Amino acid sequence: MKEFDVVCPLGREPRKAEIESAAGGLEYVLRKRSVDARKEPVWRYHYEAYGPGERPEEKAPEYQDVSAAAPVIVAGAGPAGLFAALRLLERGFKPIILERGKAVKDRRFDVAALSREGVLDPDSNYCYGEGGAGAFSDGKLYTRSSKRGDVGDVLRRFVSFGASPDILIDAHPHIGSDKLPFVVENIRKCIEAHGGEYHFGTRVVSIEGKPGNFKVGASSGESFSGIAVILATGHSARDVYEMLHSRGGALEAKGFALGVRVEHPQEKINWAQYHGAWKPGFPAAEYSFAEQQDGRGVFSFCMCPGGILVPSSTENGTVVLNGMSNSSRNGRFANAGVVVQIDPGDIPGDSPFRLMDFQQGVERKMYAFCSSFNPSNPFVAPAQRMEDFCVGRITKNVPETTYHPGAISAPLHQLLPPMVAERLRKVFPRVRIRNYYTNSALLLGVESRTSSPVRIPRDPETLQYVSAPGIFPAGEGAGYSGGIVSSAIDGIRCADSVQVH
């Protein structure tokens with residue numbers, strides 16, 4: 001195999017003659033496309049070229065009719081649950097998907113009511129429902145989890161269900177919050193067409209039994225039987241952790257990260273990342289950074305070019321923010337989480353819930369401050385300009401924000417835990433992005449759902465829950481992934497581990 005790059009100006013694709021010349025007469029395949037803005041902005045296309053018989057074969061999945069097959073309960077219809085279900089179809093098992101929230105189309109009305117009216121459905125929101133937390137968070141597909149599974153397989157499956165083929169070649173692929181629901185619906189249609197089942201509004205409240213014979217009780221009053229259970233309930237399902245703990249199941253406190261969403265005018269990020277050379281038609285610029293401060297990582301997270309901020313609370317009395325972008329990424333503002341790593345040793349005690357309690361406490365503190373102003377929307381967020389935050393000054397005029405519930409000037413430097421606030425105040429002025437440190441940037445609190453603060457321990461070989469064989473904790477909620485692709489890979493691994501008893 002031969003690898004080569006072809007570089008061309010933004011605004012045009014490589015010419016066939018350029019590619020063929022570089023390939024030297026070999027069969028070639030485009031593998032990656034990225035913007036290189038280190039000097040004059042250009043497209044960089046990376047190709048692989050193969051001699052006769054060298055190109056690896058990429059087989060499409062073969063899904064079986066599982067209408068009469070052995071059932072496996074899949075708790076959760078996020079990426080871990082959906083991709084576990086697809087792999088179960090391949091292996092000849094019948095997935096029975098139990099989802100506490102609503103189908104993705106119906107879920108849209110609930111997230112709209114949350115943003116516009118402050119009405120929260122605790123089972124159908126930006127975190128819960130078909131497609132999981134990622135369904136309305138840009139559909140970012142970038143991952144570093146290639147050692148755990150086949151990233152290409154996950155991306156090809158997304159394309160087969162309606163995602164743009166561009167995700168196969170883009171350096172930082174994304175589907176877009178406007179298109180991902182359509183893809184998620186197509187996955188459901190495939191699973192149902194091959195004999196799998198979906199049950200919405202069906203929150204898991206109990207799991208009884210042993211390998212080969214499990215009974216799963218649901219909030220609907222129904223009971224479901226299966227030979228195994230794949231537990232893919234997401235990073236915010238506190239009630240699931242409590243259910244396991246109440247039955248004597250093992251849980252572990254797990255590190256996570258907490259901080260703020262940072263919103264800049266997109267034009268400032270474009271100007272900085274393209275060195276003043278951005279033009280209409282260029283992709284909206286992204287950024288990322290990672291620093292060490294006082295022994296902890298401080299880093300950007302879930303960057304949304306041309307995006308908006310959304311409320312991600314799953315319970316009343318809390319304020320939680322996230323970001324999303326549509327596929328075009330053409331909005332006027334950019335946002336990203338900037339967070340500080342919190343380790344189990346940072347929070348005293350030995351309860352497996354101590355980091356989750358800490359997380360919840362910060363979310364409630366944000367709400368308590370804002371509620372004292374009697375806002376029209378209960379999910380209004382506390383906000384402070386970046387320079388004001390770093391010098392400890394109250395912001396007099398909160399600038400325009402994409403966060404629909406609204407923002408209230410607040411002393412975030414005091415509301416955030418000192419271990420978070422002090423590290424952010426030291427890091428923001430030294431971020432190596434031109435003009436990143438500016439009072440044009442608005443900080444909003446709180447970004448706290450970066451990953452699960454609890455891990456459900458499992459056997460590293462069999463992937464089964466250490467306290468209950470036959471249960472397979474999967475994805476972000478179990479503490480074994482972070483993001484859509486890594487969760488999908490983990491769901492596939494768990495489905496591969498299911499055995500007939």
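**Helix packing, sheets and local backbone features**

Helices α2 and α4 are roughly perpendicular to each other (65 to 115 degrees; under 35 is roughly parallel, over 145 roughly antiparallel, the rest oblique). The structure is a predicted model, in which local features need pLDDT of at least 70 and side-chain atom pairs pLDDT 80 or more, while totals for chains, interfaces and linings use all residues. Residues are numbered from 1 along each chain as its sequence is written, and side-chain values use heavy atoms, without hydrogens and water.

Helix α2 spans residues 79–91 and helix α4 residues 151–160. They pack at an angle of about 90 degrees, with their axes 12 Å apart. Axes are lines fitted to C-alpha atoms, for helices over the stretch in contact, and angles run from 0 to 180 degrees between N-to-C directions. Helices (H or I, at least four residues) and strands (E, at least two) are DSSP runs, numbered from the N terminus. On the α2 side, the contact (heavy atoms within 4.5 Å) involves F83, L86, R87 and E90. These residues meet D153, V154, R157 and F158 of α4. The residues of this contact divide into four nonpolar, no polar and four charged. Here Ala, Val, Leu, Ile, Met, Phe, Trp, Tyr, Cys and Pro count as nonpolar, Asp, Glu, Lys and Arg as charged, and the others, Gly among them, as polar.

Helix α6 covers residues 238–246. Its buried residues (under 20% relative accessible area; exposed is over 50%, partly exposed in between; 1.4 Å probe, protein chains only) are V240, Y241, M243 and L244. They lie on the same side of α6, because they cover an arc of only 160 degrees around the axis. The arc is taken from the directions of the C-beta atoms as seen from the helix axis. An α-helix has 3.6 residues a turn, so residues three or four places apart point the same way. The buried residues of α6 pack against strands β7 (204–210), β10 (229–231) and β21 (454–455). Helices α8 (354–371) and α12 (475–478) also pack against these buried residues. After α6 comes G248, with a positive phi near 85 degrees.

An open sheet of three strands has the order β1-β3-β2, with antiparallel pairing (strands pair if DSSP finds at least two bridges between them). Strands β1 (2–9) and β2 are its edges, and each pairs on one side only. From one strand to the next, the twist averages 25 degrees. Helix α1 (residues 16–23) packs on the sheet and touches β1, β2 and β3. The direction of α1 makes about 155 degrees with that of β1. Strand β3 (residues 42–50) is joined to β2 by nine antiparallel bridges. Within this pairing, V29 has E48 in β3 as its bridge partner.

Residue R33 belongs to strand β2 (residues 27–36). R33 is buried, with a relative accessible area of 14%. Residues up to four places away in sequence aside, R33 touches W43, R44 and Y45, together with D166, I169, D170 and A171.

Strand β17 (residues 333–342) is mostly covered, with nine of its 10 residues buried. Strand β12 (residues 256–265) pairs with β17 in the antiparallel sense over 10 bridges. V260 has V338 in β17 as its bridge partner. Strand β14 (residues 296–304) also pairs with β17 in the antiparallel sense, over five bridges. Here C304 is partnered by N335 of β17.

The loop between β6 (197–200) and β7 holds T202. T202 is buried, at 2% relative accessible area. Its C-alpha atom is separated by 9.5 Å from that of G76, 126 residues apart along the chain. Neighbours within four places in sequence aside, T202 contacts L98, E99 and R100, as well as A218, S219, S220, E222 and F224.

Several backbone features deserve mention. Most residues other than glycine have a negative phi, and most peptide bonds are trans. H275 is not a glycine, yet has a positive phi of about 55 degrees. This residue, H275, sits in the loop between α7 (266–273) and β13 (290–293). H275 counts as partly exposed, at 43% relative accessibility. R329, also not a glycine, has a positive phi of about 50 degrees. R329 is found in the loop between β16 (321–324) and β17. R329 is buried, with a relative accessible area of 10%. The peptide bond from G445 to V446 is cis, with omega near 10 degrees. V446 is part of strand β20 (residues 442–447).
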